Amino acid sequence: LSVSIIIPVFNEEDHIGRCLDAIKRQSVKPLEIIVVDNNCTDNTIAIARKYPLVRVVKEPIQGRTVSRARGFNSAKGDILGRIDADSILMPDWVKRVRADFQDSSVGGVTGLGSSRVVLGLNLHSTLWSRVYFITIQSLHGRSEEHTSELQS
């Protein structure tokens, strides 16, 4: 199974390099990395174009939903992984995602992220992630034994 990583961006020059460096270090390489340019006015796209696996697609309509959809519609992989430009993936992220989808009953996975920023923001991020994760689990009737937590 091939993995496409989609990263919608709007003025993310402070983050995109570290994000793409982490993808470059994956133990199993993704098929492609799609950076969706949602009208950047900084150096985000110039930085992204320096990475060989990156394909930049343009989304002129401003907004997270439309830029995410543009990335999904542009992807060629069997599995679509959408991350943020400030995400730093663990080195085995692609490998773990592929392993999760070996089970034909799996239609999607989500996981908790971790943040190393100011305590207040970190607490908010962790609380939001846990509420989201528990809600998704309860809506889909999956127990923790059957749900993978992927760090991003």
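Colleague: Let's start with β1 and β2: in which sense do they pair, and over how many bridges?

Modeller: They pair in the parallel sense, over 6 bridges. Two strands count as paired once there are at least two bridges between them, so 6 bridges qualifies β1 and β2. If you want a spot to look at, P8 stands opposite V36 in β2. Keep in mind that this is a predicted model.

Colleague: What makes the link from β1 to β2 a right-handed crossover?

Modeller: The chain crosses from β1 through α1 to β2, and this β-α-β crossover is right-handed. The test is to point the strands away from you and follow the path from the first strand over the helix to the second; right-handed means that it runs clockwise.

Colleague: How do you know that β2 and β3 pair too?

Modeller: Again by the bridges: there are 5 of them, in the parallel sense, and at least two are needed. Along that pairing, D37 stands opposite K58 in β3, and I33 stands opposite V54 in β3.

Colleague: Why are β3 and β4 called edge strands?

Modeller: The 4 strands form an open sheet in the order β3-β2-β1-β4, with parallel pairing. β3 and β4 (79–82) each have a single partner strand, so one side of each is left without a neighbour in the sheet. As for the twist, the average is 25 degrees from one strand to the next.

Colleague: Which helices pack on the sheet, and what do they touch?

Modeller: Helix α3, residues 64–74, touches β1, β2, β3 and β4, and its direction makes about 145 degrees with that of β2. Helix α4 packs on the sheet as well, touching β1 and β4, at about 120 degrees to the direction of β1.

Colleague: Take I33 then. Why is I33 called buried?

Modeller: Buried means under 20% relative accessible area, and I33 has 4%, so I33 is buried. Leaving out residues up to four places away in sequence, I33 touches I5, I7, L20, I23, L53, V54 and R55. The C-alpha atoms of I33 and I23 are separated by 8.6 Å, with the two residues 10 apart along the chain.

Colleague: Why is N11 called partly exposed?

Modeller: Partly exposed runs between the 20% limit for buried and the 50% limit for exposed. N11 has 28% relative accessibility, so N11 falls in that middle range. You'll find N11 in the loop between β1 and α1.

Colleague: Which residues have the most contacts inside the largest nonpolar core?

Modeller: They are I5, I7, V9, L20, I23 and I83, in a core of 24 residues. The elements giving two or more residues to this core are β1 (3–9), α1 (16–24), β2 (32–37), α2 (44–48) and α4 (93–100). There is also a second, separate core of 5 residues, including I34, V36, V57 and A75. In general, nonpolar side chains in soluble globular proteins tend to be buried together.

Colleague: What does α1 pack against?

Modeller: The buried residues of α1 pack against β1, β2, α2 and β3 (54–58). In α1, the buried residues are I16, G17, C19, L20, A22 and I23.

Colleague: And how much of the whole chain counts as buried?

Modeller: Of the 152 residues, 35%.

Technical notes. Residues are numbered from 1 along each chain as its sequence is written. This is a predicted model: local features need pLDDT of at least 70, side-chain atom pairs count only at pLDDT 80 or more; totals for chains, interfaces and linings use all residues. Side-chain values use heavy atoms; hydrogens and water are left out. A nonpolar core is a set of buried Ala, Val, Leu, Ile, Met, Phe, Trp, Tyr and Cys residues joined through side-chain atoms within 4.5 Å. Buried means under 20% relative accessible area, exposed over 50%, partly exposed in between (1.4 Å probe, protein chains only). Contact means heavy atoms within 4.5 Å. Axes are lines fitted to C-alpha atoms, for helices over the stretch in contact, and angles run from 0 to 180 degrees between N-to-C directions.
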